[in-house]
Amino acid sequence: MDDLKERKKAEDQKTRANRKTEGWIEVKTIVPPPLALVMDQQRGDLPRSQWLIQRALEALRLDAEPIALQRRGGRPRRVAPESLVVPADGQSYTRSSWWNLTRRYREKPLLGCIGRRDLSDGTTNLAWEFKAQFGSFDPYQAVSSMRSNKRHWHGRWWSVSTLDADKICGEAVKAGAKIVDLDKPGGESWAGMVIEVRPMVNRLTEVPRWWSLEVDFAAIREILDHPTLAAFANSNWQATIGAWGWARNNAERLVSEAITSETLAIIRERLADHDVQVIEGQPIGLSQDPFTAERDELGLLVTVTGPANDRRAFDLLDDQGRQEVSIKQWPTYRDRVGEAGFEIVETGWQDRQPVAVDWSQVPGGDQPVNGRRLRDYQRAGVEFILGHAGRCLVADEMGTGKTAQVIAAFGAMAAQRRLVICPKAAVNVWIREIQAWNHDAQRIVVVNGSTEVPDLPDSGWVILTFDILTPRAEKIPLTGYSPEQLAEVRVAFIAGGAEKSLSVQWADPKLRTDIAALTVKLDPEDGVTLEAVGRLDIPVSGFTHSQRLKDATARVTGVLRQALLDWNSDALAVDEAHRIKNPKAARTKTVRLLVQDPGRAAVLLTGTPIRNRAEEGLDLLEAVVPVREYRSMLATGRVSHAELTKALLEKYMIRRTKTEVNPELPKKIRQRFDVEPGPKARFYVDEYLMTMDMAQDKYFRELMTSGSRQQASKAAMPLWSKARKLVGMAKVVDGIVAELVQEVVEERGSCIVFAHHLDVIETLRQQLEQMDMTVGVIIGGTSTEDRGEIERAFQAGELDVFLGGIMAASESINLSYADTCLFAELSWTPADLFQAEARGHRQGQTANGYHILTALTDLDMDQMMWWVLGRKAVEIGETLGEEIRLDFDWDLAEQAEAASIQRLLEAKAWQQAQANGISEEDLSEFRSPGSGKRPSGKPSLTTYDRSDNGQGRVGSSRPPGRPG
């Protein structure tokens, strides 16, 4: 064997010698790692040298073959598979942008140098770092000592004569300074700089898909001067890398995110233009850990975790390997993760499993109760309530049987102490439904007053209204007493520590001797004073207000509320729950005290969960859901109020429309009825125009004085309210609306009419009765008994017209006998109209179409309200996932940019301000929200007047008047 090797070696030497004689040369090469990977992957058993020569000959298209030579001893022909695995990068990094990480190198670009710019006029610009000194040479001192009149400071550089500049630069060079181009201190060439590029692979045999750059500034600083280093840091050679695609693993070594071959080619070209050397580094291993994506319970955010030290993830994760992505952004983000070569494990996308219900134990479940059985959608509602442990929102449309679902759910829970909070008009509805949906007689306690607490049952129902439950501030005037008695009463209040509750009116405010009147003011928020008033013993002869004070203190203290808290109900239902959407209202605070226990079933019921704006849904749900925990999502900016509201409603609300549960219900047909004011209406139209003009004047004055939009709106609000009432009267006073109602009654048999103002309702009532129509009226002061009788009479066909207030008659009443509803006035809140019109569009309605007529004038407030209602209806529909639209003229958007009376008046106020001589510059500053500034050029309002064309004018002492 040894002889064979020796003989082969001798032949190789002879071959090499012959080829050299023929002009052949022998080349030894060192190849970079990426080429070595490709070579080892493709060469098979062929020696590396022969494979390389073959590829070179092919590239040059030469017809020749290399001679196979004997391999050197000891070189392995094959590599063990385990030795081909490249270990993953185990270092941790701090992510940031190139700009942040190289800040220290960009500072002081003229360090150790003087920048020079020669101009054609014989002058030169010179600049250096602040307080720079080169050895003993101080350039500032040199320039300052010059007596030339051509020496000028331009803020960033000195301008001196070229001759003086030559002298200064010569001295600086002798002292060790470097003279550089002022415009490009670092020059165009960065020769000497080295950047390392490292392939990212799992195994040495793989062809890399990604590379990473590494820049060692510690080594570069030893090679380059500071201006050149600053120029490198300031350049855009790395612009193709993500803004936050850089990281630091130690003080001065920066690494880039993973880049593709296309990006690397661009960077190589840019660096070559500046004479930068790019060297091939050792491969970096890829992490085998997958990304995990967990969706939150609302389906709004996806929390992603992954290998933070993998450079492919630099622009995907933070330093801790986490990232929160909104559900909208998730598909795009997921694609980016896949493109980076990571696997993704997704969790949290499972649907909630329905709760198993034993329907044999639920009244109306398997077996009917009193001839009633739950329909399929009602059974689904019961399952939803039980699946949320009784803490949810049932928001089925009006007239779909929400009450029955709650009664059945409470029965399925086997709740013993059941509390219902509802409007006064709904009390009898609950009593009737509870009795109808139970086999056995139920004990029902109706609380009628807030001072005398009835016996609360251990098993049964307690029903009370919002008004009875809610403690409110009260005033009790102490009348019928002499000044001497009032003085004794005051002494008793002071002695009992209740003086804070007492308001004194003196007969002579200056002398303060005789008391003219005393008033006791009780505040539910002042518990200390209330307790003092409750302990009072007033030993005054003839004092008759003791019991009244005692009852009032009990109401304001919330005796009933405390009794219910002590009773500790098992389950609670809040009907018409939209009444507790205002978190600042006393009613809301009181109800939340009763429902806040997370262990208590608390079901909210309302057919209008969003009445005015999407964010109201959050305020409503906050009574039964820990919304505060979810509000933190808003701080990230990845979730909007509307998105959070929609997600929470989808999770905690069940809502079915009437058309879903009862497809037989007739379709709503909306029509506008344009009212042309007649002769009698002229008075109201003139009053309206004058009132709006006064509102404009009030708004302008307050806006110019206080600089606050809120204060200006508050000042004009009473006049806007008056104008709205005048619009209503202008529509009905000539009998045009009443004639339309008469036509409907003659053709359809009956009609439902809604209005807002009492004067409008009374005018319509008189007109309709004069036309020999029978009318039932429900307004805010109508008793519960009268409401029930009017409802019965209308449903029995004994009344031609139901006439009601939009707010007073929109709840807990069934008017399905009529198939036409007419609005003589509007409300700013869409839900008010929807809830009112639903009185007739409900189960029992058998007409082919349910007609909804809206009377409108061409007065700007009426048109504006109609526009606002339409816009809000669309927003509410998008949040609830429903098609809710009003037919209205979208061209109104061009007439009112923001669709609000405030913005309309504000726009006119700016016109007035400009007419008063206020500059556009001041107005621009004043227009900025929250500036709180008055225009500096604002003239005195004491001399303000209105000209005939409605514009502001300065210079007249005549009081403001209405334009002609």
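The crossing of α13 and α14 is right-handed (the near helix is turned clockwise from the far one by less than a right angle). This is a predicted model, where local features need pLDDT of at least 70 and side-chain atom pairs count only at pLDDT 80 or more, while totals for chains, interfaces and linings use all residues. Residues are numbered from 1 along each chain as its sequence is written, and side-chain values use heavy atoms, without hydrogens and water.

Select residues 402-412 for α13 and 427-436 for α14. Helices here are DSSP runs (H or I, at least four residues), numbered from the N terminus. Their axes, lines fitted to C-alpha atoms over the stretch in contact, come within 10 Å and cross at roughly 55°. The two helices are therefore oblique to each other (angles from 35 to 65 or from 115 to 145 degrees, on a scale from 0 to 180 between N-to-C directions).

Next, show the side chains of Thr403, Val406 and Ile407 in α13, which meet Trp430, Glu433 and Ile434 in α14 (contact means heavy atoms within 4.5 Å). The residues of this contact divide into four nonpolar, one polar and one charged.

Now select Gly399, Val429, Arg432, Glu433 and Arg842, which lie nearest the centre of the second largest pocket. A pocket is an open set of points on a 1 Å grid, with protein on both sides within 12 Å along at least five of seven lines; lining residues have an atom within 4 Å of a point. Here 33 residues form the lining, and α14 gives the most, with five.

Note on methods: Ala, Val, Leu, Ile, Met, Phe, Trp, Tyr, Cys and Pro count as nonpolar, Asp, Glu, Lys and Arg as charged, and the others, Gly among them, as polar. On a 1 Å grid over the protein atoms alone, a cavity is a set of points where a 1.4 Å probe fits but cannot get out, and a pocket is an open set with protein on both sides within 12 Å along at least five of seven lines; lining residues have an atom within 4 Å of a point.
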